[in-house]
Every structure is written in structure tokens, then in C-alpha cells.
Amino acid sequence: MKIPIISSKMAVVVPGTDNARVSQRYSFATYDPAAQASPARLLPHPHRTAEQSAERLRIAEEGSSVRQKHRATEANQKMAVPLRLSPRLPPFLVLLPQPGAAAAARIAPLPTAALRRLYDTSNYGRLQLNNGLALVPQMGWNSWNFFACDINETVIRETADALVSTGLADLGYNYVNIDDCWSYVKRGDKDQLLPDPKTFPSGVKSLADYVHGKGLKLGIYSDAGAFTCQVRPGSLYHESDDAALFASWGVDYLKYDNCYNLGIKPTERYPPMRDALNSTGRKIFYSLCEWGQDDPALWAGKVGNSWRTTDDIEDTWKSMTDIADKNNKWASYAGPGGWNDPDMLEVGNGGMTFAEYRAHFSIWALMKAPLLIGCDVRNMTSETKEILSNKEVIQVNQDSLGVQGRKFLSQGDGGCREVWAGPLSGKRLAVTLWNRCSETVNITMTLADVGLDGSSAYSVRDLWKHETLSLNAVGTFGAQVDVHDIKMYIFTPDVSFSAI
């Protein structure tokens, strides 16, 4: 496979750069682009006509097969490329993590020994970035899941309008994030990123001003590689200039992808953009989209405000459930300032049932995942709005304690009757009974299973029925749950948690 601009005859390839000078400054790795092809991200969408889907695929395939993801590995490397040495710029907004109790104290100690044992947060605070952002998981909207490359400034403006008019903005959905395809296919005369003149003729600054005028924030997309996933210019080796440009436009959020990464380790590619954003003097939420390939929960906390723990989500039951399980592994690393990111919401895109979307939203909320809407909010159904605007479920996600919920029980054939739970502020506990079976089932648990005192009484609030079911639940609890559906509750002690 041939990649535009990059020449296999060059020992060092940095587009628009003095390669001789680079050779003196950087060490080298190698990369074989021919070995890294994977399927293109563009897929027909359930809400699109056959003609619209065909046009999207034609655009994706036009020209050559370079419109594919490059997921480089160190094992397949032939073409020499530079390894970026991460600069250490003077700190402005980003305060690098301090060891010890000061960082760990940002999550208040859980009140009982049982809760501390079951809801481990020991890995939180070892790495966490502290730039004043992401004290709770980010909420908003992202263009990719529904629109893919079919975006323009009108869509973004109308989406901002819709977030306000539907009341979603008042619930916390305040980031309006433009994904891939906003930029022109090549850099300008001064090597700067350019908005696509056909789809964003007014420019990003004008769009940011409009979004800010609605009381919202604007997010943008780039890539820690030579190109974005849809073969627009990436920001690798352009971090300082691109960050300064984003700041000058009034950008509030950067999603930073992982395509065409030249085989360079993510721990080398992602910190330079952190430092570049830091140097602008503007608070910009830094969202790492590394696909979980190098276990970013282990290192990304000192780099960004959230980090993808999985590959891209698809609008299917299987994809959503698989991703939930993968994200669950990293629960102890999340907390205020930095969150595990199992990818954006698919609620409302047509590939799952109402019950499945309700489960999707509930589990993402419990896991303290970013709640980034991925549907067309201008035309969403009443059912979609019902799910996305459930204030009680959103409050679980945005709870100030900031402890990621996790899976505790898997019962029945194949373990399809599940119990997930997570502690909340005020000595409360969120609990979900999730039916991943192919039939309606009863799911039960003991209160001790999820860290509660089995001898104490609790009030139980149903977050989807919006009613209090019991004022004195003791010992055990259970409910009948429909196929692929979920029940979500908050348990509140009638008196303070007793020591366990």
C-alpha cells in the first residue's frame, strides 16, 4: 500500500520538515505500511437510504485504498521514521501529577471496609492529570457515529440548536464535538491545518463563536499520526502549531485518534500534544483515542482527561456488550480528572432495541463513561430522547464521588444474569440488574454481594420507573428483567452505613 506524501526511499520522512535536521534530533523506528491495512471505518448506516450509503462508501473508496486504518505494530516495521522526543514545556494549565496522598485524596475514602474492598480505587491518583477539567465524565455530542464524513457547518450549528431546544444542554450535554473530515485534505501554504472550504466555509472560529453563544463548547478532532483515519492531515510533528491554532479558534475539546501512527509507541506520540495544549494557556479537554491497544489506563492518566479502552463501538448488541466487559477491567484507574472511555453512545441509531439502548445508556452511566450522544439529535425519536434525558441515570454518571461501577455477579447459563454496582456520594449505591439472556429472567442478589450491610434497611429507588419501590429492603433483593433489558436502582441507607 502507498501512503500519500511518505516516500519509502527516504530514511526519515516528516512531511514539510527539514529531514536532515530531524535525523540529528530523533532516534528511529521502522514501519511497513503494507502490513497494516484494516477495513475502512465507513459503513452503511441504518438511518440512511441505499443511495446515501452507496455515496458514503464511494467517497470512502475514491482514489485508492489509502482510506483505511493503519494500526501499526512494532513487529511489522521496515520504513525508517523518527521517534518524537516529548518536550517538557513550562506548565501553565496542566499540573503534572504529584505522588502520594494529595492525588489519591481526590476520591474520598469509601465509608466501610466492604466497599473499600469491592470497589478498589487504589490505582486512581497514581497517574492522574490535574488540569481542572473532567472532574466528572464529559457529556455532549459527537458527529462520527451517525454522520461519519458527511458533516458540514450547518449540521454542527443545527445540532447545537437542537441540544438547547430539546433540553439536553440543560442536562449537561455541553460539548459539540466535530469528528474526522472537518479539515481540508492538505495543509496550507504556511503548513497549517485548514477547514474544508466546501463544508466549513465560515471557518472553525466562526463556528466556535456560534456554539459558545449557545452556552455550549466546541470540540475538534485530529490524529497522533501522519494522517487522520479518513486521510486528512494528522498532527504528528505539528503538535505545537496545531494546538495553538485550535486555541486561537476557541476550541474546548480535542479528540486525538491513532491512525497512520508510523509504528511509534503511543507513549511517545500522545504526550507532545498534551504539552502543546498546555502551552496555549487555554483549557482544552484532551481525549485520547488510542483504541486500548497499549492499555492506556496504565499510562494515559498523566497525559489526558479520558482514554479509549476499546476499539470502535458498533451499533449492535454484541459490540456494545463486548465493549462493556472490556472497559470493566480498568475500573480501578478511573476517577475525577481522568476517565475510561468505552467509546461514544449508539443510542438512537437504529441497530438495537429500546431495551438494549436502555441497557447501553445505564451501563455507560454506571461505568462513569463519557456520555457523548452519537445520533442525530435534530431528528431523534421520543424513545431516544426518553433514554438520553433520564436525569436520574445521568446523575449517577455525574456523581461527585467519581468511582466507576463494575460487574459483580454473572449467574445462570453463560453468566447472562448480571449484577453491576457502584458507590455514590451520600453513602448511596447504584445497582443494575442486567439481563443478557435470550429470555426473561429473575435476577437476585444479597445486599452483601455489592458491599451493603445485609442486616440494615435501605430505601430503593427505581431510576427508570422514577419511583421508590421500598423503604426497608433488607438482606436480599431481586427483580424480573425482560430480554436484554436492565433495571437500575439507588440504595440509600435509612441510617448511616454501619461498619462491616
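In what order do the strands of the open sheet of eight strands run? The legends below begin with that sheet and describe a predicted model.

**View 1. The open sheet of eight strands.** The order of the strands is β11-β10-β9-β8-β7-β6-β5-β12, and their pairing is parallel. At the edges stand β11 and β12 (371–373), each of which pairs on one side only. On average, neighbouring strands of this sheet are turned by 25° against each other, direction ignored.

**View 2. The pairing of β9 with β10.** Strand β9 covers residues 285–288 and strand β10 residues 306–308. The two run parallel and are joined by two bridges. L288 has W307 of β10 opposite.

**View 3. Helix α7 on the sheet strands β6 and β7.** Residues 203–213 form helix α7, which lies across β6 (175–177) and β7 (217–223). The helix runs at about 145° to β7.

**View 4. D343 and its surroundings.** D343 is found in the loop that lies between β11 (339–341) and α11 (354–366). Its relative accessible area is 3%, so D343 falls under the 20% limit and counts as buried. The side chain of D343 makes a polar contact, at 3.2 Å, with the side chain of R308. Leaving aside residues up to four places away in sequence, D343 touches R308, D311, D312, I313 and W364.

View 5. Helix α10 is made of 12 residues, 317–328. At 1.5 Å a residue the helix should span 16 Å, and its end C-alpha atoms are 17 Å apart, which agrees. Its buried residues are W317, S319, M320, T321, I323, A324, N327 and N328. These buried residues pack against β11, α11, β13 (406–411), β14 (417–424) and β15 (428–435).

**View 6. The largest nonpolar core.** In soluble globular proteins, nonpolar side chains tend to be buried together. Here the largest nonpolar core has 97 residues, and those touching the most other members are L163, Y173, W182, F361, W364 and L388. Helix α11 supplies the largest share of this core, seven residues. Another core, of 27 residues, lies apart from it and includes V431, V460, A473 and A479.

**View 7. The contacts of Y173.** Not counting residues up to four places away in sequence, Y173 touches M139, G140, L163, L168, L216, F361, L371, I373, L388 and I394. Among these, L163, F361 and L388 are also listed with Y173 as core residues that touch the most other members.

Note on methods: Residues numbered from 1 in each chain as written. Predicted model: local features only at pLDDT ≥ 70, side-chain atom pairs only at ≥ 80, totals over all residues. Heavy atoms only, no water. Helix = DSSP H or I, 4+ residues; strand = E, 2+ residues; numbered from the N terminus. Buried < 20%, exposed > 50% of the residue type's maximum accessible area, 1.4 Å probe, protein only. Polar contact = N/O pair within 3.5 Å; in protein donor to acceptor, adjacent residues only side chain to side chain. Contact = heavy atoms within 4.5 Å. Expected span 1.5 Å × (residues − 1). Pairing = 2+ DSSP bridges. Axes fitted to C-alpha atoms, helices over the stretch in contact; angles between N-to-C directions. Core = buried A, V, L, I, M, F, W, Y, C linked by side-chain atoms within 4.5 Å.
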